[in-house]
Every structure is written in C-alpha cells, then in structure tokens.
Amino acid sequence: LEKLYEVHDFYFAPDKTTRIASGVQEIERILDEIPNDIQHHLSPEARARCLYFRGKALDAMPEYSKLSEELLSKAVKLNPQLVDCWNSLGNVFWKKQDLRSARRCFEQAIEICGNNAVSL
C-alpha cells in the first residue's frame, strides 16, 4: 500500500494510472490469498484492516470507486477507531462530490485522534 501511494503521490509520468492499477491488482491478489476459512476467524479489528487495505488501494485510482466506499464504510463500522480509514472514506466521498459526508468523515477522524494533517 505504501509503494502504491508513492506512485499516487509522487509519480507524474503518462503511465501513472496504469502503474496505480497494477498496484491495486497486486494488493487485491495478496488479500485474496487469505483463505476464506481464516478470514471468518479474524477479529473484527483484523477484518476491518483487510477491508481498509482493499478500499484504500481502490481509492488510489483517480476516479470515484463505489466499491472503495462500501469497503471503507464496512471497515469503520467494524472498527470506528481507524483514523486512516475515516480519512480514506472522506477522500472517497470528496471524489464523489458528497462534501457533507466527506466533512463528517474528516471530523470523525479529528474527534478520534485530535488535529492531524490528513484530516485537516
């Protein structure tokens, strides 16, 4: 996820979207390797992290992703203390032009951990 966001944030060549799409596929492949029987036994916090990783990866794409919104929404329901997830969900709503929901997400992140650069 870190390498994916390095491309997202700092790579500006014409093939940027292709590289991001490749990174998203790699993260999905890794998460898909977790057997279903193990996924069902994960704690809510661990399931929330898996949903967050997949949702955040999809959010790296330049366009709005409904699936990203759904995954991140599920993640914050499982673990409302995931500040990074609230920030990512806020970014998804921002792309969707749902500014009211985006603001609520960023405010929730600030409520959990105080002022932080991403939420502000």
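A residue counts as buried when its relative accessible area is under 20%, as exposed when it is over 50%, and as partly exposed in between. The legends below use these words for a predicted model.

Figure 1. The protein chain has seven helices and zero strands. Along the sequence the pattern reads α-α-α-α-α-α-α. The C-alpha atoms fill a box of roughly 40 × 40 × 20 Å along the principal axes. For 120 residues, a compact globule would have a radius of gyration near 14 Å, and the protein chain agrees, with 14 Å. Of the 120 residues, 38% are buried. Among contacts with a separation of 6 or more, 49% join residues 24 or more positions apart.

**Figure 2. The surface and charges of the protein chain.** The accessible surface comes to about 7500 Å², and carbon and sulfur atoms account for 55% of this area. There are 16 positive and 18 negative side chains. The centres of these two sets lie 4 Å apart.

**Figure 3. Ser 65 in the loop between helix H4 and helix H5.** Helix H4 covers residues 44-59 and helix H5 covers 66-78, with Ser 65 in the loop between them. Ser 65 has a relative accessible area of 16%, which is under 20%, so this residue counts as buried. A polar atom of the Ser 65 side chain lies 3.0 Å from the backbone nitrogen of Ser 68. Beyond its neighbours within four places in sequence, Ser 65 is in contact with Leu 58 and Val 92.

**Figure 4. Lys 95 in helix H6.** Lys 95 belongs to helix H6, which spans residues 83-95. Its relative accessibility is 22%, so Lys 95 counts as partly exposed. Setting aside neighbours within four places in sequence, Lys 95 is in contact with Asp 59, Ala 60, Met 61, Pro 62, Glu 63 and Tyr 64. With one of these residues, Met 61, there is also a polar pair: the backbone oxygen of Met 61 lies 2.5 Å from a polar atom of the Lys 95 side chain. Ile 112 is 17 residues from Lys 95 in sequence, and their C-alpha atoms are 23 Å apart in space.

**Figure 5. Gln 97 in the loop between helix H6 and helix H7.** Gln 97 sits in the loop that joins helix H6 (83-95) to helix H7 (99-113). Its phi is positive, at about 70°, although Gln 97 is not a glycine. With a relative accessible area of 60%, which is over 50%, Gln 97 is exposed.

Technical notes
Residues numbered from 1 in each chain as written. Predicted model: local features only at pLDDT ≥ 70, side-chain atom pairs only at ≥ 80, totals over all residues. Heavy atoms only, no water. Helix = DSSP H or I, 4+ residues; strand = E, 2+ residues; numbered from the N terminus. Rg over C-alpha atoms; globule rule 2.2 N^0.38 Å. Buried < 20%, exposed > 50% of the residue type's maximum accessible area, 1.4 Å probe, protein only. Contact = heavy atoms within 4.5 Å. Areas by Shrake-Rupley, 256 points an atom, 1.4 Å probe, with all protein chains shown as cover. Lys, Arg positive; Asp, Glu negative; His and termini not counted. Charge placed at Lys NZ, Arg CZ, Asp CG, Glu CD. Polar contact = N/O pair within 3.5 Å; in protein donor to acceptor, adjacent residues only side chain to side chain.
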